[in-house]
Amino acid sequence: MINHQIPEVSIVILYQNDQYLMQLRDNIPHIAAPGCWGLFGGHLELGETPEVALVREIKEEIDYQLATFTKFGIYPDDNVTRHVFHAPLLTELSQLTLYEGWDMGLLTDQDIMAGSCYSHKAGQVRYLAHIHQKIMLDFIYR
C-alpha cells in the first residue's frame with residue numbers, strides 16, 4: 001500500500017539499441033543524488049496520476065512526447081514513492097533538448113553494472129544514483 005503522505009515521483013526507463021537514456025543530475029548539494037546519473041522524471045503535482053506526471057515531466061525535461069509507455073513497478077522507501085515506467089526512445093539523442101540536469105547520455109548495460117559512466121559535459125566519470133542503478137538492474141535482468 002502506498003503512503004500518500006510521502007512525495008511521489010514518476011520516472012521512466014527510455015531505451016534504444018540496447019542503451020538507456022539517463023540524466024546526469026545537477027551537481028547542487030540540496031537535491032537528491034547531486035551529480036549522479038539517474039532516470040528522467042519528477043514529482044507528481046496535486047491531483048496528477050503517475051502517468052500524467054510522467055508525460056508532463058518528460059516534455060519539460062527533454063522536450064520529448066512519450067507516445068506509449070508501460071508500468072514497470074513501484075519502488076517505495078521512507079522518503080519517496082517511485083512509479084517506474086519504460087518506453088522505447090523513438091528519436092535520436094541529438095533531437096532532444098536537455099532543460100533539466102547537467103548532461104544526458106545513452107548508457108550501456110556495462111555502464112549500469114559498473115555503476116558509473118563518463119560525462120563529456122562534466123569531463124569526468126560520474127556515479128549512478130544507487131536506487132536508479134538498482135531499478136535499471138532489475139529492468140535489465142527481468
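**Exercise 1. Find which residues the ring pairs link into a cluster, then look at one pair in it.**

Step 1. Ring pairs join Tyr-15, Tyr-20, Phe-72 and Phe-139 into a cluster. Keep in mind that this is a predicted model.

Step 2. Now count: there are four aromatic pairs. One of them is Tyr-20 with Phe-139, an edge-to-face pair at 6.2 Å centre to centre, with 90° between the planes. Edge-to-face needs planes over 60 degrees apart, and the planes here are at 90°.

Step 3. Where do the two partners sit? Tyr-20 lies in strand S2 (residues 19–24) and Phe-139 in helix H3, so the pair ties together parts that are 119 residues apart in sequence.

Step 4. Check the burial too: Tyr-20 and Phe-139 are both buried.

Step 5. Arg-142 lies over the face of Phe-139, 3.8 Å from the ring centre.

**Exercise 2. Work out whether Phe-69 and Phe-85 are buried, partly exposed or exposed.**

Step 1. Start with the geometry. Phe-69 and Phe-85 form an edge-to-face aromatic pair, 5.4 Å centre to centre and with 90° between the planes.

Step 2. Grab the cut-off: buried means under 20% relative accessible area. Phe-85 has 2%, so it's buried. Phe-69 has 25%, so it counts as partly exposed.

**Exercise 3. Describe where Gln-23 lies and what Gln-23 is in contact with.**

Step 1. Gln-23 lies in strand S2.

Step 2. Its relative accessible area is 2%, so Gln-23 is buried.

Step 3. Skip the neighbours within four places in sequence and list the contacts of Gln-23: among them are Cys-36, Trp-37, Phe-40, Glu-61, Glu-100 and Met-104.

**Exercise 4. Say which element gives the most to the lining of the largest pocket, and what kinds of residue make up that lining.**

Step 1. The largest pocket has a volume of about 500 Å³. It is lined by 23 residues, and the closest to its centre are Val-9, Arg-25, Ala-32, Gly-41 and His-43.

Step 2. Look for elements that supply at least two lining residues: these include strand S1 (8–16), strand S4 (40–43), helix H1 (50–62) and helix H3 (130–140). S4 gives the most, with three residues.

Step 3. Sort the lining by type, and you get ten nonpolar, seven polar and six charged residues.

Methods. Residues are numbered from 1 along each chain as its sequence is written. This is a predicted model: local features need pLDDT of at least 70, side-chain atom pairs count only at pLDDT 80 or more; totals for chains, interfaces and linings use all residues. Side-chain values use heavy atoms; hydrogens and water are left out. On a 1 Å grid over the protein atoms alone, a cavity is a set of points where a 1.4 Å probe fits but cannot get out, and a pocket is an open set with protein on both sides within 12 Å along at least five of seven lines; lining residues have an atom within 4 Å of a point. Grid points are joined across faces, edges and corners, and a volume is the space filled by probe spheres set on the points. Helices (H or I, at least four residues) and strands (E, at least two) are DSSP runs, numbered from the N terminus. Ala, Val, Leu, Ile, Met, Phe, Trp, Tyr, Cys and Pro count as nonpolar, Asp, Glu, Lys and Arg as charged, and the others, Gly among them, as polar. Rings of Phe, Tyr and Trp (its six-membered ring) pair if their centres lie within 6.5 Å; planes under 30 degrees apart count as stacked, over 60 as edge-to-face and the rest as tilted. Buried means under 20% relative accessible area, exposed over 50%, partly exposed in between (1.4 Å probe, protein chains only). A charge sits over a ring if NZ of Lys or CZ of Arg is within 6 Å of the ring centre and within 35 degrees of the ring normal. Contact means heavy atoms within 4.5 Å.
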